[in-house]
Amino acid sequence: MLHTEASMTALREPGDELADATVATLFERGEVGKFNTLMRYVSTVGAPLPEGLPDVAREYLAATSYPPAWVDWGEMEKARLFFIDNNVHISTALSFASMPACYVVPAVAKLLSTTHGLAYPSRRMAETGQFTVYLMQPGAFEAGSRFIPAAQKVRLLHASIRHHLKRENRWDTETLGTPICQEDLIGGQMFFSLLVLDSLHRLNIHMSTEGAEAYYYAWRVVGAMLGIDQDAVPKTLDEARQFLDLYMIRHMGPSEEGAHLTRQLIDLYEEVVPGTFFDPVVSALIRYLIGDTCADWLRVPSTAWDTVVKTVPHLLGVLEAIEDRSPLGAWALDRLGSLTAVLELSSLTRGRVMHYAIPEELRKEYDVSSTPPRARRWIPPTSTVS
């Protein structure tokens, strides 16, 4: 289906009826703390639910414990292979394009600044990276996997944010619509699917149409698991392009919150990059992938590396040619990509499993009028082994 201004506006009111009702009941009965404690033990598909879990939570988990009936498992396998073949590039696109793109939408940036976004950008990046890795593991929907429990918890996290913002009158619903509304949920799905494919193309990564369509399809399945209305979600890449273009025209622009979030994100990435010489590459890569206009809105600094980064697609093109012509080269590059992606995720999580919990309260909004403090660079602990 093709969307219009009217159909998009209609998507600004609904949230997620099932998750919203579950969260409202947990808060009403004072059971959020108990739920969070017990749900730490529910991290894999098929794990027995712990004793004492609130009934409303059991009902929710039962109703959301399986993928949509329309899933084409052949397409999902194609998506998994596409991810394996391009994992480091996908990680780059998620980090340097998808995340900053979220901040170009002022309402989304405001929402993130009301939760944990400004204080702990590494947590959101770690959660997003871990979620994607769970999705693309073999048997992601089978017993023992971690994807479905993660999706169930993320869905409740979104609902809890809606609950807090409305209850505390910290959100202008009349002007901004429901927080984390269906339009923004679909927009986020486009950022993590179509925008990633756009970034791979900009980086000169060779992709088949079949692989790109399968990757997009996998995120449609994710959207269904996260409570996104599939009747409103674009079914094809062409329809997705029309939705994303209209969504960005309707909502993108500069904001103090967006600029502040971006500065925190840049500091985080520079903390991960070894040394300081290559720190400017972070800003240059963001600017290259999201474009100068959006980068200026987010106050991404221009650096001498802006020109150098433009040569990256040529280098990647050479590596892709090696991969296409040599099975051994393909294996080596895939292996290197897998290790790089794992190291990137490990640096963000500090080796921990990220737990998605319902916040019992939201942090106060941050003052975005001042320059944020620079993140402290992480230094690996000194080995005590002689």
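Author: The expected span of a helix is 1.5 Å times one less than its number of residues. Helices here are DSSP runs of H or I with at least four residues, strands are runs of E with at least two, and both are numbered from the N terminus. This is a predicted model, in which local features need pLDDT of at least 70, side-chain atom pairs count only at pLDDT 80 or more, and totals for chains, interfaces and linings use all residues. Residues are numbered from 1 along each chain as its sequence is written, and side-chain values use heavy atoms, with hydrogens and water left out.

Reader: What span should helix α13 have?

Author: Helix α13 covers residues 237-251, so its 15 residues should span 21 Å at 1.5 Å a residue. Its end C-alpha atoms are 21 Å apart, in agreement with that value.

Reader: Which residues of α13 are buried?

Author: They are Glu239, Ala240, Phe243, Leu244, Leu246, Tyr247, Met248 and His251. Buried means under 20% relative accessible area, exposed means over 50%, and partly exposed lies in between, with a 1.4 Å probe and protein chains only.

Reader: And what do those buried residues pack against?

Author: They pack against α1 (5-10), α6 (106-114), α10 (182-192), α11 (194-202) and α12 (209-225). Contact means heavy atoms within 4.5 Å.

Reader: Let me change topic. How do α8 and α12 cross?

Author: The axes of α8 (residues 147-167) and α12 come within 9 Å and cross at roughly 55 degrees. That makes α8 oblique to α12. Axes are lines fitted to C-alpha atoms, for helices over the stretch in contact, and angles run from 0 to 180 degrees between N-to-C directions. Angles under 35 degrees count as roughly parallel, over 145 as roughly antiparallel, 65 to 115 as roughly perpendicular and the rest as oblique.

Reader: Which residues meet there?

Author: Phe147, Ile148, Ala151 and Arg155 in α8 meet Val222, Ala224 and Met225 in α12. The residues of this contact comprise 6 nonpolar, no polar and 1 charged. Nonpolar covers Ala, Val, Leu, Ile, Met, Phe, Trp, Tyr, Cys and Pro; charged covers Asp, Glu, Lys and Arg; the others, Gly among them, are polar.

Reader: How many helices and strands are there in the protein, then?

Author: The protein has 19 helices and 0 strands. Of its 386 residues, 54% are buried. Among contacts with a separation of 6 or more, 80% are between residues 24 or more positions apart.

Reader: Where is Thr262 found, and what is it in contact with?

Author: Thr262 is found in helix α14 (residues 256-272). At 1% relative accessibility, Thr262 counts as buried. Leaving aside neighbours within four places in sequence, Thr262 is in contact with Tyr103, Leu298 and Val300. The C-alpha atoms of Thr262 and Ala101 are separated by 9.6 Å, although the two are 161 residues apart along the chain.

Reader: What about Ser199: buried or exposed?

Author: Ser199, in helix α11, is buried, with a relative accessible area of 2%. Not counting residues up to four places away in sequence, Ser199 touches Ala93, Ala97 and Leu289.

Reader: Last topic: what is phi for Ile180 and for Asn204?

Author: Phi of Ile180 is near 50 degrees, and phi of Asn204 is near 70 degrees. Each is a positive value in a residue other than glycine. Ile180 lies in the loop between α9 (173-176) and α10 and is buried at 11% relative accessible area. Asn204 sits in the loop between α11 and α12 and counts as partly exposed at 33% relative accessibility.
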